[in-house]
Amino acid sequence: MKWFWIAAGVIVAVVVAALIVGWLLPEKHTASRQASFQASPETVWAVITDVHKFPSWRTDVKTVERLPDRDGQPVWVEEGSNGRMTLAVERSDRPRLLIVRIADPDLPFGGTWTYAVSAASSGSTLTITEDGAIYNPLFRVLARFVFGYESTLATYLKDLGAKLTSVQPGR
């Protein structure tokens, strides 16, 4: 019984320490990744804006449900490895700039992804910048020290590269 209480005390101490560290970490962060593709900016744009086809190439998306537009911009719900998440296009300047916002106030995180598509000598370059906020201090610790702020960006670019069949690793 003594070992049970010692183990329980250690677990509580670790959780409390993680919460303290989480409260000390900034709520907001910025992360960015880039990749080059042997595809035109128009082709890249067509793939990244066709939300109905996300489940066919994004490994972390199982289903997409299109919702009514807001302010003339697309809105959808993605369901996948991170649960359900409502997303809304905030700004769209075809074929070079797309800003998508997490439009679900009940999630423990939020923010935007900015997709900047530019022409390159071999096709195009896509830079994705996440301006995020993590409201839950425990999630902040996990994002900072376990998953990393760029892991979802890296997965997205890897999946996009597989879809376009010719990705060149970027920064």
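This is a predicted model: local features need pLDDT of at least 70, side-chain atom pairs count only at pLDDT 80 or more; totals for chains, interfaces and linings use all residues.

Reader: Okay, where does glycine 148 lie?

Author: Glycine 148 sits in the loop between α4 and α5.

Reader: And is glycine 148 buried, exposed or partly exposed?

Author: Partly exposed, because its relative accessible area is 28%, and that class runs between the 20% and 50% cut-offs.

Reader: How far is glycine 148 from threonine 43, C-alpha to C-alpha?

Author: The two C-alpha atoms are separated by 29 Å, and the residues are 105 apart along the chain.

Reader: Switching to valine 146. Which helix is it found in?

Author: Valine 146 belongs to helix α4, residues 137-147.

Reader: Why does valine 146 count as exposed?

Author: Because its relative accessibility is 56%, and exposed means over 50%.

Reader: What kind of surface patch is valine 146 in?

Author: A nonpolar one: Val146 forms it with Leu138, Phe139, Leu142, Phe145 and Phe147, and together they have about 570 Å² of accessible area. Leu142 is also one of the residues that glycine 148 touches.

Reader: Now α5. How many residues does it have, and what's its reach?

Author: Helix α5 covers residues 151-164, so 14 residues, and reaches 20 Å from its first C-alpha to its last, close to the 20 Å expected at 1.5 Å a residue.

Reader: Which residues of α5 are buried?

Author: Leu153, Tyr156, Leu157, Asp159, Leu160, Gly161 and Leu164.

Reader: And what follows α5?

Author: Threonine 165, with a positive phi near 70°.

Definitions and conventions: Residues are numbered from 1 along each chain as its sequence is written. Side-chain values use heavy atoms; hydrogens and water are left out. Helices (H or I, at least four residues) and strands (E, at least two) are DSSP runs, numbered from the N terminus. Buried means under 20% relative accessible area, exposed over 50%, partly exposed in between (1.4 Å probe, protein chains only). Patches are made of residues with over 30% relative accessible area and no salt bridge: like charges are joined within 9 Å, nonpolar side chains (Val, Leu, Ile, Met, Phe, Trp, Tyr) within 5 Å. Accessible areas come from the Shrake-Rupley method with a 1.4 Å probe; for residues, only the protein chains shown count as cover. A salt bridge is a side-chain nitrogen of Lys or Arg within 4 Å of a carboxyl oxygen of Asp or Glu. Contact means heavy atoms within 4.5 Å. Lists of a residue's contacts leave out its neighbours within four places in sequence.
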